[in-house]
Amino acid sequence: MAAAGTLAKHEQILVLDPPTDLKFKGPFTDVVTTNLKLRNPSDRKVCFKVKTTAPRRYCVRPNSGIIEPGSSVTVSVMLQPFDYDPNEKSKHKFMVQTIFAPPSTSDMEAVWKEAKPDDLMDSKLRCVFEMPNENDKLNDVEASKSAPVLNTSKQDGPMPKPHSVSLNDTETRKLVEECKRLQADVMKLSDENRHLREEGLRLRKVTHSDKSGSPTALALRENGSNPLPSLLVVIAAIFIGFFLGKFIL
């Protein structure tokens, strides 16, 4: 009975999933990740840490911590890329070591250092490397073929957005160019209008001494009071206002 009690002390309190094997599925040309779930069914806090015989080949997150009563923790075990040899059996192993948390857990390094061997509980898992079989390869190929179709159907809705944006950009550039052209026309018309006014004033001074009823005087007055350039300036200003308003909106 005493021996049975001693064995019961060392029995792992956590429930591991998977319980004995960590399976890594190839190809192993990239990082392969598998998860290990640790569940605490007891009514006490449990400290844990994860060890491996090949620390350079694996990255474990988290590799230690505290699990609350009735709670679980998922540990991600990441196998680094390597050249897989199917004839070589994996000798890598993991060990989950646990201990009931003491009243003070501020210094976990001291907790593990001061732990008595009789208080430690551990579980060992072996690593298993598997390459995908032919059925898995076929499923992967079918999934890769169907993936673009699904992506295309999802993109049916948003696809017009980039198209509409490009149209807006083109229209904006056209409006800017049109506004610049109209501004240049207005400046040109303004210069012509100023030139005509100056010419009209000069002609008025020249013909001031002429008779008001003479044909030359009437023609000069008509040229000097011609409202056409001013009308063109007004029309151009209206066009500029229209295009600028459309651009801003």
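Reader: What makes Y84 partly exposed?

Author: Y84 has a relative accessible area of 28%. Buried means under 20% and exposed over 50%, with partly exposed in between (1.4 Å probe, protein chains only), so Y84 lands in the middle class. This is a predicted model, where local features need pLDDT of at least 70, side-chain atom pairs count only at pLDDT 80 or more, and totals for chains, interfaces and linings use all residues. Residues are numbered from 1 along each chain as its sequence is written, and side-chain values use heavy atoms, with hydrogens and water left out.

Reader: And why does F82 count as buried?

Author: F82 comes in at 19% relative accessibility, so it falls under the 20% limit.

Reader: How many aromatic pairs does the whole structure hold?

Author: The search turns up eight. Rings of Phe, Tyr and Trp (its six-membered ring) pair if their centres lie within 6.5 Å; planes under 30 degrees apart are stacked, over 60 edge-to-face, and the rest tilted.

Reader: Why is the pair of F24 and F129 called edge-to-face?

Author: Their centres are 6.1 Å apart, so they pair, and their planes stand at 70°, so edge-to-face it is. F24 and F129 are both buried.

Reader: What makes F82 and Y84 an aromatic pair?

Author: Centre to centre they are 6.4 Å, which is within 6.5 Å, and with 75° between the planes this pair is edge-to-face too.

Reader: How do you know that R57 lies over the face of F82?

Author: R57 is at 4.7 Å from the ring centre. A charge sits over a ring if NZ of Lys or CZ of Arg is within 6 Å of the ring centre and within 35 degrees of the ring normal.
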